[in-house]
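Have the sequence and the coordinates at hand as you read.

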Amino acid sequence: MSRFHELKYRTVTAFQRRIANPGLRRLPLQTLVETTGRTSGLPRRTPVGGRLVDRQFWFVSEYGDRSQYVRNLQADPRVRIRVGGRWYAGTAHVLHDDDARARLRSLPRFNSAAVRLFGTGLTTVRVDLAD
């Protein structure tokens, strides 16, 4: 990773971790993905932007395997997704072979624009919903 991309990654993730995510998690209609911490075992909630299609929820991670929530769901793919204020249980799949940029065109515009702007390792995630 270039120095620019490393600096971008550190700056964006620090802002998200300390400022953006704590506020967004409190919004009642914000979409959240809840993973289990891979070392702590505690629930971890991360705001995401995606779309529910049939019995699947699709979203794109800005930093792919560098994202902590992606590492968590790779360790334990059982997740919960809050969409429109309702929680769904499901199993997450990281799709490295999927074209994440093309996938973003089918997801909510505002979030997709931010992911394209700030992300450097775009990776598609699909959650198959159980209920």
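Which residue in S7 does histidine 93 stand opposite? The residue in S7 opposite histidine 93 is arginine 126.

Before going further, please keep in mind that this is a predicted model, in which local features need pLDDT of at least 70, side-chain atom pairs count only at pLDDT 80 or more, and totals for chains, interfaces and linings use all residues. Residues are numbered from 1 along each chain as its sequence is written, and side-chain values use heavy atoms, with hydrogens and water left out.

**Around strand S7**

Strand S7 covers residues 123-129; helices (H or I, at least four residues) and strands (E, at least two) are DSSP runs, numbered from the N terminus. Of the 7 residues in S7, 6 are buried, where buried means under 20% relative accessible area, exposed over 50%, and partly exposed in between (1.4 Å probe, protein chains only). Two strands count as paired if DSSP finds at least two bridges between them. Strand S6 (residues 86-95) runs antiparallel to S7, joined to it by 6 bridges. S4 also pairs with S7 in the antiparallel sense, over 6 bridges, and here glutamine 56 has aspartate 128 as its bridge partner.

**Rings**

The structure holds 2 aromatic pairs. Rings of Phe, Tyr and Trp (its six-membered ring) pair if their centres lie within 6.5 Å; planes under 30 degrees apart count as stacked, over 60 as edge-to-face and the rest as tilted.

| Ring pair | Centre distance | Plane angle | Class |
|---|---|---|---|
| Phe57 and Phe59 | 5.9 Å | 40° | tilted |
| Phe59 and Tyr69 | 6.1 Å | 35° | tilted |

Together, these ring pairs link Phe57, Phe59 and Tyr69 into a cluster. Phenylalanine 59 lies in strand S4 (residues 56-61) and tyrosine 69 in helix H2 (residues 68-75), so their pair ties together parts that are 10 residues apart in sequence. Both phenylalanine 57 and phenylalanine 59 are buried, the latter with a relative accessible area of 0%. Tyrosine 69 also counts as buried, at 13% relative accessibility.

Aspartate 54 is not a glycine, yet its phi is positive, at about 55°. Aspartate 54 lies in the loop between strand S3 (50-53) and S4, and is exposed, with a relative accessible area of 70%.
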